[in-house]
Amino acid sequence: MNIKHLALATALIAVCCGPNRPKPFGPVPTPQQLAWHQKEMNMFVHFGPNTFSGLEWGQGTESNDLFAPDSLDCRQWAQVAKEAGFGGIIITAKHHDGFSLWDNPSSEHSVANSKWRDGNGDVLAELSAACEEAGIGFGVYLSPWDRNHPDYGTERYNDAYVKSLESVLTGYGPLFEVWFDGACGEGPDGRKQVYDWPLFLGKVKEHQGDVVTFSNIGPGCRWVGNEEGHANETNWNTFTPETHNADRSNLPGDYEHYLGSGDEGGAYWIPAEVDVSIRPGWFWRESENDKVKTARELIDIYYKSVGRGAVLLLNVPPTASGRIHPNDIAALKGFRAELDRIFSDNIATSFECKEQDGLPMVMITANPDKPFNRLVLQEDIALGQRVAEFAVDVPDGDGWMEIGCGTTIGNKRILLLPETKASKVRVRIIKTLAPPVIKNAGLYMD
């Protein structure tokens with residue numbers, strides 16, 4: 001609805017600046033989801049036989065002994081992640097080839113049956129310990145697709161997968177995210193599996209409570225619809241999974257675009273996660289050492305993911321030695337330095353919420369001597385997502401001149417503006433589902 005009435009505008013002032021905390025509106029994040037939002041960025045780690053074969057999707061027929069890192073250093077991974085500003089690491093405990101990086105009780109295709117460390121190695125144990133030591137979260141990716149398991153494509157496989165899942169959920173401490181890939185291809189005999197999602201999700205709930213669970217449509221967070229590193233300009237954290245089981249002809253645009261936008265007024269809090277790799281592929285290849293994304297490319301991804309209210313999951317694959325390559329580390333250091341440079345100096349000196357011309361406003365006071373070209377806005381998403389459209393103005397003589405506009409805000413919106421100097425900046429809330437709750441506003445120069 002468009003807010004055009006003073007009563008609602010006055011409510012905005014109470015919401016933003018008054019002592020009484022307003023009631024939540026619509027679906028709101030769980031405490032686990034709220035902590036997940038606050039991480040903003042996590043590191044994905046694709047590691048397994050594909051690291052050694054050069055394949056993206058292994059065949060499932062690879063020898064267990066193919067996996068043979070000679071210098072595995074999970075502490076290095078965790079330190080690289082922490083220094084880059086990532087809140088956690090998610091590891092491919094089992095990819096589509098079925099090879100498991102721990103002693104999987106329902107599969108012979110694992111480190112336990114390899115020559116690596118005489119069958120006593122456990123990548124998950126080492127990484128979970130390294131993450132705990134570094135003070136960052138630990139998460140797991142466990143592909144339901146398995147090109148190796150002999151029962152794949154039968155009812156027996158779902159029980160075998162649950163056994164694998166339970167060993168991960170119960171063996172490595174609290175997880176911050178469980179990642180289910182939606183891929184469903186052929187198994188050893190060319191069969192495809194009908195996954196028992198209620199069973200899988202029930203086991204996650206049983207053993208890890210309300211941990212954030214990723215799949216294409218949630219329930220903890222959803223796929224953004226692409227692997228290019230961006231959410232849509234309009235990005236609602238609210239989402240209705242049931243819509244995807246219906247006739248897709250009623251969806252706004254194509255399916256992937258819909259995932260990237262979410263539902264205005266959706267039934268559940270299922271925010272978007274942006275997964276993208278720092279390299280062309282997901283697994284390390286020596287041929288891609290000179291194709292690592294630059295710091296500026298990563299900044300662009302940051303603006304289009306975190307800056308559109310999503311969480312960024314950036315894949316940084318270790319080499320066959322078991323360490324992150326120096327080129328990837330250099331790009332991440334440059335990325336961190338750029339973020340620190342851009343967002344260390346807030347040109348805004350204060351902001352307040354008020355009513356003007358019958359509309360809710362965020363009035364920002366700025367240093368008139370310093371230029372800015374980035375506006376950061378944040379809603380208090382613990383109370384729901386509310387803003388659907390806003391515009392940005394600066395003084396122009398006796399009036400105002402619009403210099404930018406946007407739609408949703410959510411956890412964080414970074415709006416790219418023309419380089420500007422102004423003593424005041426006005427953010428007009430043009431359309432909102434309920435009185436907005438703006439908890440932060442800032443101006444920066446990139």
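**Ground rules.** I am working with a predicted model, in which local features need pLDDT of at least 70 and side-chain atom pairs count only at pLDDT 80 or more, while totals for chains, interfaces and linings use all residues. Residues are numbered from 1 along each chain as its sequence is written, and side-chain values use heavy atoms, with hydrogens and water left out. I take helices (H or I, at least four residues) and strands (E, at least two) as DSSP runs, numbered from the N terminus.

**Strand β9.** I began with β9, residues 272-277, and found six of its six residues buried. Buried means under 20% relative accessible area, exposed over 50%, and partly exposed in between, with a 1.4 Å probe and protein chains only. In a regular strand the side chains alternate between the two faces of the sheet. I checked both faces of β9: Ala272, Val274 and Val276 are buried on one side, and Glu273, Asp275 and Ser277 are buried on the other.

Next I looked for the partners of β9, counting two strands as paired if DSSP finds at least two bridges between them. Strand β6 (residues 221-223) pairs with β9 in the parallel sense over two bridges, and Arg222 stands opposite Ala272. Strand β10 (residues 311-315) is also parallel to β9, with five bridges; there, Glu273 has Val311 as its bridge partner. Between β9 and β10 the chain passes through helix α9 (residues 295-304), and this β-α-β crossover is right-handed. Right-handed here means that, with the strands pointing away from the viewer, the path from the first strand over the helix to the second runs clockwise.

**Helix α6.** I noted 17 residues in α6 (155-171) and a reach of 25 Å from first C-alpha to last, close to the 24 Å expected. The expected span is 1.5 Å times one less than the number of residues. Its buried residues include Tyr157, Tyr161, Leu165 and Leu169. What do the buried residues of α6 pack against? I found β2 (88-94), α5 (123-134), β3 (137-142), β4 (177-179) and α7 (197-208), with contact meaning heavy atoms within 4.5 Å. After α6 comes Gly173, with a positive phi near 80 degrees.

**Helices α4 and α10.** Helix α4 (residues 74-84) packs on helix α10 (residues 326-343) at about 25 degrees, with the axes 9 Å apart. Axes are lines fitted to C-alpha atoms, for helices over the stretch in contact, and angles run from 0 to 180 degrees between N-to-C directions. I therefore logged α4 as roughly parallel to α10, a label for angles under 35 degrees. Gln76, Val80, Glu83 and Ala84 of α4 make the contact with Ile329, Leu332, Lys333 and Arg336 of α10.

**Open sheet.** I traced five strands in the order β11-β12-β17-β14-β15, with antiparallel pairing.

**Two asparagines.** Asn113 is in the loop between β2 and α5. I put it down as partly exposed because its relative accessibility is 37%. Its C-alpha is 8.1 Å from that of Asp65, 48 residues apart along the chain. Asn373, in strand β13 (residues 372-379), is buried, with a relative accessible area of 7%. Leaving out residues up to four places away in sequence, Asn373 touches several residues, among them Leu415, Pro418 and Tyr444.

Key:
Angles under 35 degrees count as roughly parallel, over 145 as roughly antiparallel, 65 to 115 as roughly perpendicular and the rest as oblique.
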